[in-house]
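Here is a colleague's note, meant to be read slowly beside the model. Please keep the structure open while going through the points.

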6 protein chains.
Amino acid sequence: MRPSGRTADQMRIITIEPAFTKHAEGSCLISFGDTKVLVTASLEEKVPPFMRGKGEGWVTAEYGMLPRATNTRNNREAAKGKQSGRTQEIQRLIGRSLRSVMDMKLLGERQITLDCDVIQADGGTRTASISGAWVAMRLAVDKLLAEGKLTVDPIRQKVAAISCGIYEGTPVLDLDYIEDSNAHADANFVLIEDGNIAEVQATAEGATYDEEALLRLLRLARIGCADIFAAQAKATGR
Amino acid sequence: MRPSGRTADQMRIITIEPAFTKHAEGSCLISFGDTKVLVTASLEEKVPPFMRGKGEGWVTAEYGMLPRATNTRNNREAAKGKQSGRTQEIQRLIGRSLRSVMDMKLLGERQITLDCDVIQADGGTRTASISGAWVAMRLAVDKLLAEGKLTVDPIRQKVAAISCGIYEGTPVLDLDYIEDSNAHADANFVLIEDGNIAEVQATAEGATYDEEALLRLLRLARIGCADIFAAQAKATGR
Amino acid sequence: MRPSGRTADQMRIITIEPAFTKHAEGSCLISFGDTKVLVTASLEEKVPPFMRGKGEGWVTAEYGMLPRATNTRNNREAAKGKQSGRTQEIQRLIGRSLRSVMDMKLLGERQITLDCDVIQADGGTRTASISGAWVAMRLAVDKLLAEGKLTVDPIRQKVAAISCGIYEGTPVLDLDYIEDSNAHADANFVLIEDGNIAEVQATAEGATYDEEALLRLLRLARIGCADIFAAQAKATGR
Amino acid sequence: MRPSGRTADQMRIITIEPAFTKHAEGSCLISFGDTKVLVTASLEEKVPPFMRGKGEGWVTAEYGMLPRATNTRNNREAAKGKQSGRTQEIQRLIGRSLRSVMDMKLLGERQITLDCDVIQADGGTRTASISGAWVAMRLAVDKLLAEGKLTVDPIRQKVAAISCGIYEGTPVLDLDYIEDSNAHADANFVLIEDGNIAEVQATAEGATYDEEALLRLLRLARIGCADIFAAQAKATGR
Amino acid sequence: MRPSGRTADQMRIITIEPAFTKHAEGSCLISFGDTKVLVTASLEEKVPPFMRGKGEGWVTAEYGMLPRATNTRNNREAAKGKQSGRTQEIQRLIGRSLRSVMDMKLLGERQITLDCDVIQADGGTRTASISGAWVAMRLAVDKLLAEGKLTVDPIRQKVAAISCGIYEGTPVLDLDYIEDSNAHADANFVLIEDGNIAEVQATAEGATYDEEALLRLLRLARIGCADIFAAQAKATGR
Amino acid sequence: MRPSGRTADQMRIITIEPAFTKHAEGSCLISFGDTKVLVTASLEEKVPPFMRGKGEGWVTAEYGMLPRATNTRNNREAAKGKQSGRTQEIQRLIGRSLRSVMDMKLLGERQITLDCDVIQADGGTRTASISGAWVAMRLAVDKLLAEGKLTVDPIRQKVAAISCGIYEGTPVLDLDYIEDSNAHADANFVLIEDGNIAEVQATAEGATYDEEALLRLLRLARIGCADIFAAQAKATGR
């Protein structure tokens, strides 16, 4: 029995509120249950130094958590003067995930920066961030298409992410915070709409796991991502 | 004529959504027009080292702006590795303002940290932060009272803040971003419900101002703060 | 009765020793009683990136306190690896104050950096810094005029600053350290020779204050600044 | 055809030189072909603050690369003043991997720090680090057992790691630098001697991959880790 | 011919103004010609962690240069966020030099921190710092003796320092800035009043030097330090 | 009697393994007894900003110590976020020493960076670094000569360094760690093959020393450097 009463393959309620802020080229507020992430996509008509002159674009991401997004207050990273290893790991993952569905040649020499800021945390903030970042990026690219700055859509497919884990011996989908902090294994899957995989990160916590468990977690992730793809479609009309 | 069409002494619409997040002891989302700030109050049953053993409490504040809260993206302070002078100046001001209405002896050896994070900016983020921080602090203290951890209310009064300035030669109330970036003088007033003043910061930008102008700006601030006190009362039932 | 025996509207002795160091284009050692600040004006024939190509100049300031300028030693900010919020707030104030009397177009694409280093502190270091910075800036500009690099004087007026506060219930002028650390309100006024105001920062400490008190403090500041303007005139022959 | 002429499931030559340095409680120099990592295990009879008083031990890791370990020189992280996101990600992975085979209760309130410093890099530095760290940790624990400070061996099993990837459309084992920088997918597997999995990190680069590819890569990793377990056994007599 | 017209073994005029600031336990303003350094000695009745519980004292030093102490402005180290290698090297040298004449057991568990801040620079700032630091330390210890906190003088002897160098092929004493920046070898000697040596740092710049040159430079340093010892005696009455 | 049983003028065994790593243009592993330093020379066809456009080259050095090179583990400087004063002092010394034998005009607009990383420490790491850096630089320059990128050898002579000190009252050569931490004076000499001196750093620790002692230490250093020059010649065929 899961603390939330959900079945093993049951997602929390997903909501995506597109165009949540007025300044960003694309944005949304995405919720996986009580986990709420504000994502903005900022477009710049230039690329970082290492990409210049190649005629290609770039997609990058940053991640932050408001100090009281969590149950007890965490010190502000800006005040501490550096981002934690966890923050950097997450923002690298978000960036890679979004780049996996973007055709950089079609995007042209532009950069899209995806800022994922966790307003409230209850497990799964990195997967909610990836899933919401696709929406913000999609809206920003739609704006470029609408303005005629792009004529061919550079986004190849949808990408979504979900966490799964082995909780009390059972593989379960979409861990909330209580499950996450007690899981024996914790896996994040980044999946593409066509069924392919962009990233698997499956980590043993306390007890190692076998190949069969890995495959069961992947199967759960496919169930969860189907829901997310539907929510993304609804939010963007794509 | 103001860009927004408002009259010189007209505030933007103020909304305060109390208890906006689930983890914090007190919180609200406050809006002054398109300026939106999420404020959380975090309570700790200990005080910082310099206050220990005095039997008194402490109130402090931190301030941040999401990278794309503004029209063009600002680099994330956590990524730059330090908070700007502006950020530090603002969070010092917020902390002083809230301390001016708190009886530290009655609060006891506890600390309240007010995190003010700007979700969307359109001028007046520091004054919205102060005004919202009072609400978050009020709710956190009400929780202590409800739980019987405090029996006497340590908050003496309401405190609110508003910006005024001289725009196109005319003193106006509650500057939005366009006015703020073109004002000849920019003043922030932190006022107490009984009419007293907690802080005046009145700065010439481009042209200096005379004593009469200072007084007119203060008069406008009184008008604006009356509205904010009403909104605070409505949000907290106090 | 003030600890120093001064009357409520009595300044400490002001001395300004112009051209205190040999390398700087302008400099002075300014004393407000036991508060001693060394100010240098450094001229560069270029402006910071955000000002380039506008045909205008820039004035900026930095502030520091020697570790043992105070009664007990403070750690060196260079050793701590960052400037405190207080330091940044003060240097921003000094810069703004000096810019309020400079015509940037007449100055041309040059930058003047005012370094204010407190040799000995006894209250009022920021106001002594502003008042001395005007002298250093004046001397540096006089050098440009003498060399024919400027033909029209870009400095419009004198600017000076003084602190006032409510000590033991009475508004007093030019707080020394003992008064400053016990004042109920602490106000810094930056005034222009023609009577206009460049900046007011009036902060409640412990007890809030009313409008009448604010006006009395401003009146005291006018008395103090008259003395400073005279000392500035004597030091520069202007 | 692989650039090195190896078959798809062929490892590079693995060598492990145990007790490479004289000061550390355990150490080795591990080579996967031209990739050479010096690993030391440092034992302290205390644990970090968050583990104190639980009667349990801790294992942590740090990772560094000498500036000219690579083909072109990288700036020294100590000189830049911070560790890159990549470095932090790797050292977190190494720590987790080694903790997965350590019984912390049996270890007791001690900390083992594994320093993995890359002397020469040619792909696979993180997997060589994990594989060598097991040897260094094993030797340090054997010392504790020999000295009678421990009577029951707290290390449950061997752990090893290897990278695999899809190079020119073919899944291959143990990527060298040329393959790594051109692979379409890059996976790191951390495996336990009993066949279980401690961690999978499988990342699409350029092209996403399907479930079958993931399983093939895992199969290759099992082949590679068998070789590494043998080398670990030879180096430690365990 | 030296640029200043001095003979090869001629010092600049040395002045030492003792008790230059009111807060420090000991202080002086020392000048070697146009080089002016303000030194304060701060006494604390505790020692740093690595010295605790040994019943011995500690002497340490910090060094800084005001931004416009030099001909062109240097960025403030506090603003850059770190002290340069040069600064750290100098403050380590000053600390070692002063410790060489202090009996730490007699001093007892106290720390003296010597802050050397260069007000104006014209070569030889580190040697002026050492020479002035002895005066400040002497005055602080005299205060302890006068107050009866010490009964036996822990300072064994005088220590002074001077730079010498090979300028235009000739060994010369007490380099000023022009000589220093053109010298072929630059040597700093820290000498004890009894003729012994606390430190030699002799560096080739451009051309290496032979043993005879080293000895000639040492001879010049003895001449210079005799002058400094006399000035120290005059300033302290010791 | 020295702890190692060596005579006063006896060096430890010196070994130099040239071309220790495959990527660097020049490299060696140098050992002075148990002190082992890996040095790489990295060549870049550009110079740092302050040297640009002069038609001259530059030689610089960086120094690091692996965390467990020493008897107890030191925190990693990259993790601490800054290099210690000691590290900076050492790398400045190494750079100066190597520059003293390089003709920058003949080298042309190229930079050689010498990275000295201590694998195992037992006293004398800075002098081993200098001595090994000459070998790595020599090999890198030989490569330039072999490739025809240079036709005239820009390295004028050999440079080597050794530490000497006064241990138990006796001047001894090549201090190991036990001697170094108990020596009354500690001197590092950087000598040129022709007998000239590039640098002397002779520091009193505990007891000051006289001129005769300085000369004896220099004599010992000449004996030690003769050995090192021979080892350098053997390693490079020069």
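This is a predicted model: local features need pLDDT of at least 70, side-chain atom pairs count only at pLDDT 80 or more; totals for chains, interfaces and linings use all residues.

1. Residues are numbered from 1 along each chain as its sequence is written, chains are lettered from A and ligands numbered from 1 in the order in which they are written, and side-chain values use heavy atoms, with hydrogens and water left out.

2. An unreviewed UniProt entry places the annotation "domain: Exoribonuclease phosphorolytic" on residues 10-140 and 159-222 of chain A; UniProt positions are given in the numbering used here, feature names are shortened, and such annotations may be inferred rather than shown by experiment. In residues 10-140 of chain A, 30% is helix and 31% is strand, and the end C-alpha atoms lie 31 Å apart. For residues 159-222 of chain A the end C-alpha atoms are 12 Å apart, with 25% helix and 45% strand. Helices (H or I, at least four residues) and strands (E, at least two) are DSSP runs, numbered from the N terminus.

3. Chain A has an open sheet of five strands in the order β1-β2-β3-β5-β4, with mixed pairing, where two strands pair if DSSP finds at least two bridges between them. At its edges stand β1 (14-18) and β4 (58-65) of chain A, each pairing on one side only, and the twist from one strand to the next averages 20°. Strands β4(A) and β5 (residues 111-120) of chain A run parallel and are joined by eight bridges; within this pairing, Thr60(A) has Thr113(A) as its bridge partner in β5(A).

4. Which strands of chain A does helix α4 lie across? Helix α4 (residues 125-146) of chain A lies across β1, β2, β3, β4 and β5 of chain A, at about 35° to β3(A); the axes are lines fitted to C-alpha atoms, for helices over the stretch in contact, and angles run from 0 to 180 degrees between N-to-C directions. Helix α6 (residues 211-236) of chain A also packs on the sheet, touching β1 and β2 of chain A, where contact means heavy atoms within 4.5 Å.

5. In chain F, an open sheet of five strands has the order β1-β2-β3-β5-β4. Its edge strands, β1 (14-18) and β4 (58-65) of chain F, each have a single partner strand, so one side of each is left without a neighbour in the sheet. Strands β2 (residues 26-32) and β3 (residues 35-44) of chain F run antiparallel and are joined by seven bridges, and Ser27(F) has Thr40(F) as its bridge partner in β3(F).

6. Between chain B and chain A, 37 residues of chain B are in contact with 37 residues of chain A. The buried area is about 2800 Å², with 48% given by carbon and sulfur atoms; buried area is the accessible area (1.4 Å probe) that two parts lose on being put together, summed over both. In chain B, His23(B), Arg68(B) and Arg76(B) lose the most area to chain A, together 26% of what that side buries.

7. The count between chain B and chain A is 14 salt bridges, a salt bridge being a side-chain nitrogen of Lys or Arg within 4 Å of a carboxyl oxygen of Asp or Glu. Asp34(A) forms one with Lys22(B), the closest N and O atoms being 2.8 Å apart. By contrast, chain A and chain E do not touch, and their nearest C-alpha atoms are 12 Å apart.
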